[in-house]
Amino acid sequence: PFDVLVIGGGPAGASAAIYAARKGIRTGIVVERFGGQILDTLTIENFIGVKQTEGPKLAARLEEHVKDYDIDIIQPYRAKRLEKKELIEIELENGAVLKSKTVIISTGARWRELGVPGEAELKNKGVAYCPHCDGPLFENKDVAVIGGGNSGVEAAIDLAGIARHVTLLEFLPELKADAILQERLYSLDNVTVLKNVETKSINGTERVQGLTYVERDSGEEKELKLDGVFIQIGLVPNTEWLEGTVERNRFGEIIVDKYGATNIPGVFAAGDCTDAAYKQIIISMGSGATAALGAFDYLIRN
Ligand code: FAD
């Protein structure tokens, strides 16, 4: 059996595997593709110490770094079930079962997509999901934020400090964000809020040029001219496969303590699949390191 088996090859998983292997313990990693979400990221400017890089480049670096160690790479597979027996058993989608003394779950998350025409085609060409990451690319430009929950309103406030103008679109008749965030939003003079509107399409050929929406009460169709569209309708953790085993919160995020430990002894988690407050590369890598050290600590005590 493995001492540490990491599930997921994004920033959190790569970091966990390297930290575990550096303890000289038997380490494996189940990887679909190295890199995770950063494979969908164009420019990265907030990975401290690296002024600027690109997602696929950083992903290749992660893979190279993991391969520098004696780590069993089980690729390309996805885990579909976890069971705690004497050891922890991980069943893969092909039916194979791996056994380990500890497991670190780092299966990440995916942004919920709007599912309108133009969204997929213009991804990274003006359609964005992460204001912390891509906001600065829209300096003095006109952008829209879709979604009036906390993350949408926070994104709009954040972007209002960078962009020329921000339009926030909410499907429901009211914003769902906390009152204090709404107050702040309405105090900004370069923000327009459209409620009770449905986004129909994101338009543009090479890059985003605008979007089409419908006013839900009048049925009237309208257009906005834009340089960018931030979609903020939720981040979905890739934890469906843990249904009934590892404890998760109402968003589906794995609940971890300060060691990265879950409710199941020997099962740890790190990165965007957890209830960590913020979801970023540097944060995921930090929590991967924490979970690996937590798992090592668990191994020497048990
Ligand atoms: P992920 O990167 O999601 O990796 C998880 C991996 O696990 C994936 O490869 C997934 O396929 C795999 N997996 C899922 N389920 C299973 C399973 N059952 N079995 C095995 N494997 C599985 N952050 C920044 O700091 N700076 C940026 O500039 C930035 N830009 C971004 C731009 C975009 C478009 C997106 C989407 C995100 C961006 N982020 C950025 C956020 C950053 O990418 C994430 O916080 C980070 O990748 C999270 O790392 P992770 O390892 O926790 O999860």
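1. There are 19 salt bridges in this structure. The model is a predicted one. The points below take up some of these contacts.

2. Start with a network. Salt bridges link Lys 80, Arg 81, Glu 83 and Glu 91. Look for these four residues in the model first, then take the pairs one by one.

3. Arg 81 pairs with Glu 83 in a salt bridge. Their closest N and O atoms lie 2.4 Å apart. Glu 83 is partly exposed, because its relative accessibility of 31% falls between the 20% and 50% cut-offs. Arg 81 is partly exposed too, with a relative accessible area of 29%.

4. Arg 81 also forms a salt bridge with Glu 91, at 2.7 Å from N to O. This pair links distant parts of the chain. Arg 81 sits in strand S6, residues 79–84. Glu 91 belongs to strand S7, residues 88–92.

5. Is Glu 91 buried or exposed? Glu 91 has a relative accessible area of 15%, so it counts as buried, the limit being under 20%.

6. Another pair to inspect is Arg 248 with Glu 243. Their side chains meet in a salt bridge, 3.2 Å from N to O. Arg 248 is partly exposed, at 23% relative accessibility. Glu 243 reaches 60% relative accessibility, so it counts as exposed, the cut-off being over 50%.

Conventions. Residues are numbered from 1 along each chain as its sequence is written. This is a predicted model: local features need pLDDT of at least 70, side-chain atom pairs count only at pLDDT 80 or more; totals for chains, interfaces and linings use all residues. Side-chain values use heavy atoms; hydrogens and water are left out. A salt bridge is a side-chain nitrogen of Lys or Arg within 4 Å of a carboxyl oxygen of Asp or Glu. Buried means under 20% relative accessible area, exposed over 50%, partly exposed in between (1.4 Å probe, protein chains only). Helices (H or I, at least four residues) and strands (E, at least two) are DSSP runs, numbered from the N terminus.
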